Amino acid sequence: MVENRPFGNFIAYLTLALGVFIVAFPVYVAFVASTYDSATISNGNMSLIPGDQAPVNYYRTLFEGTARTSGQSVGGMMVNSFIMAMGIALGKILISILSAFAVVYFNFPFRKTAFWIIFITLMLPVEVRIYPTYKIVADLGMLDTYTGLILPLIASATGTLLFRQFFMTIPDELLEASKIDGAGAFRFFKDTLVPLSVTTIAALFVIQFIYGWNQYLWPLLITTKSSMQTIVIGIKQMLTTQDVLTEWQIAMTTAVLAMLPPVLVVIFMQRLFVKGLVETEK
Amino acid sequence: MAGVTLDTVRKVYAGNVEAVKGVSLGIEDGSFCVLVGPSGCGKSTLLRMIAGLETISGGEVKIGNRVVNQVEPADRDIAMVFQNYALYPHMSVYDNMAYGLKNRGTPKDEIEKRVKEAARILAIEPFLTRKPRALSGGQRQRVAMGRAIVRKPQVFLFDEPLSNLDAKLRVQMRVEIKRLQRALGVTSIYVTHDQVEAMTLSDKLVVMSGGQIEQVGTPAEVYRRPETRFVATFIGSPPMNILPGTVEGPGRVSVGGQSIAVTDMRDGLTPGSAIEVGLRPEDVQAGGTGASSLSMDVDFVEELGATQLFHGKVAGAEFVVQASTGQIAADTRKLTLAVDPANVHLFDPQTTKRLGRV
């Protein structure tokens, strides 16, 4: 199809540019705010050109934190968030790839039922089952632990569904060929299914890492020690101070830092799974 | 090496669908056996039971002297080539061929030796480091065969291995498979619905229909002396013509009032009873004269280059005759067909069995 409509193109690009502007501008303002000192932001003299306080702000945020508020360094919070997000993402992938493997390749009684039960949990997000989950985690003494942060969130119907759909597209002959080649169920899983699932794993990792990183309600409930705080909660606590002025430059620096890992994950993994999508041929 | 013996092997699927109805067959050590039949005749199911990919509902499958009904596919000492090749897409050609050996704990240098050897035989040495997706259909087919060869199995199983290839490549690979099997001398069982493949490849041809064996024999036997009407019309291209006729007496039948002589006819058939008369398009001589002849009304002509096919009717039934190009004018409307008594096949209209000499 030959299309030559300069005006149409202009409108299309304008719309896109407007969209980018709406999304990106607040991010930019946050970045700029992270490069000024507290006074400049407070008296409203902040310009849209980055200032010269960036090294001071980022150093303070990462290693000292807002001493007057939560007193926790953001570096520590990032470590907490990172452990939680990685744990959730990897845990979800592990659990869902194994359950999809079971549901697709094994013939056991009530296989369909098992699948539907997994499917139904899609309708029960964390918020719905939060009280019983909290009770269990508390009774098991997992409050203020990484296990408590991660474990209740790793069951994933979405992931299981995704892997199941993918496994269904793999020709049966591949399973039969590996049977004849002397590979048992686990070896087929390890040598054939997992390598073929790399792109699906990458896609799921991106989605679930961001999901884990952005968790707010669950960490808020089960972490009481400030040393277990995640960065998302940290930002929130910096904004609600009682007696002292909010240190906006630190809050904005924290916001910028909080955005970085998900952005890096997307950039890095996207390359992997786009490459995979182009190359894979079954 | 080992032969394969099937003893009243049955396969019943859920819902009491009987896909294979008691097949007994002996396949000699080192021979090339082809199972041929229309789709749904149970040939693939039979092969998959020999491979161990389907459970056996009844009967016994023996490889060599060992009953393998309860043996895992990996332990049956077989190798299989699939229709869609079933190569591991993420492994290089080398790894695809080496995988089965690795799983068996074969030493590394032995694996390398065998893979190199197979690659040399199949002329795929330059591709060993490539992934299957970087290969053409024919090359993938070779890799799939290489994967079978390196295992040095007792039996090769082929499940319609050529049907994903284009016509030209198919002929070429067919010749190669035959040559390879001759060279290696491994018992092979080959499933196809293509009768040309079946005829050209087999030492032993097994024609199947409806979950049962119709006939077993050498390709020449099956072609020359089909045991049932199904075999007669399935093997041979274009298919054999079947005309309704009646028994006149010993060695004579009549088709639409025209009497023809028959060499291979059962004794004691009641004169006047109905019978089916089979004639191959290439066995009747168009425009010839002789002791027995039929007259044919021609409808149209198909050009095949070296030969022409005349389509028309004999005694009210569809009939096709093959003639060398130029032998008969293409606008001929009426043809006389000379029939050699030795080339007439007779079948029972009820049982569809051959009514030849016992």
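This is a predicted model: local features need pLDDT of at least 70, side-chain atom pairs count only at pLDDT 80 or more; totals for chains, interfaces and linings use all residues.
Visitor: Where is D77(B) found, and what is its phi?

Guide: Most residues other than glycine have a negative phi, and most peptide bonds are trans. D77(B) is not a glycine, yet its phi is positive, about 60 degrees. Look for D77(B) in the loop between β5 (66–67) and β6 (78–81) of chain B. Helices (H or I, at least four residues) and strands (E, at least two) are DSSP runs, numbered from the N terminus.

Visitor: Which residue in the loop between α3 and α4 of chain B is another case?

Guide: That's A123(B), in the loop between α3 (108–122) and α4 (137–149). A123(B) isn't a glycine either, and its phi is about 55 degrees, a positive value. Its relative accessible area is 48%, so A123(B) is partly exposed.

Visitor: Which residues does a cis peptide bond join?

Guide: S237(B) and P238(B), with omega at about -5 degrees. You'll find P238(B) in the loop between α8 (229–234) and β11 (241–249) of chain B.

Visitor: How many residues of helix α1 of chain B are buried?

Guide: An α-helix has 3.6 residues a turn, so residues three or four places apart point the same way. In α1 of chain B (residues 43–51), 8 of the 9 residues are buried, so this helix is largely enclosed by the rest of the structure. The buried ones include K43(B), R48(B) and M49(B). Just after α1(B) comes G52(B), with a positive phi of about 95 degrees.

Visitor: What is N164(B) in contact with, leaving aside its neighbours within four places in sequence?

Guide: Contact means heavy atoms within 4.5 Å. By that rule, N164(B) touches Q83(B), N84(B) and Y85(B), once those neighbours within four places are set aside. N164(B) sits in the loop between β7 (155–159) and α5 (167–184) of chain B. With a relative accessible area of 43%, N164(B) is partly exposed.

Visitor: How many helices and strands are there in chain B?

Guide: Chain B has 8 helices and 20 strands. Its C-alpha trace spans about 75 × 45 × 35 Å along the principal axes. Of its 358 residues, 53% count as buried. Among the contacts in chain B with a separation of 6 or more, 66% come from residues 24 or more positions apart.

Visitor: What does UniProt list for residues 4–235 of chain B?

Guide: UniProt positions are given in the numbering used here, feature names are shortened, and annotations may be inferred rather than shown by experiment. For residues 4–235 of chain B, the unreviewed UniProt entry gives "domain: ABC transporter". That span is 37% helix and 26% strand, and its end C-alpha atoms lie 24 Å apart. Residues 12–36 of chain A are 88% helix and 0% strand, with end C-alpha atoms 36 Å apart.

Visitor: How much space lies in the largest pocket?

Guide: Rolling a probe the size of a water molecule over the atoms shows where empty space is left. On a 1 Å grid over the protein atoms alone, a pocket is an open set of points where a 1.4 Å probe fits, with protein on both sides within 12 Å along at least five of seven lines; lining residues have an atom within 4 Å of a point. Grid points are joined across faces, edges and corners, and a volume is the space filled by probe spheres set on the points. The largest pocket holds about 710 Å³. It is lined by 25 residues, and those closest to its centre are Y105(A), F106(A), N107(A), L175(A) and K179(A). The largest share of that lining, 5 residues, comes from α9(A).

Terms used
Residues are numbered from 1 along each chain as its sequence is written. Chains are lettered from A and ligands numbered from 1 in the order in which they are written. Side-chain values use heavy atoms; hydrogens and water are left out. Buried means under 20% relative accessible area, exposed over 50%, partly exposed in between (1.4 Å probe, protein chains only).
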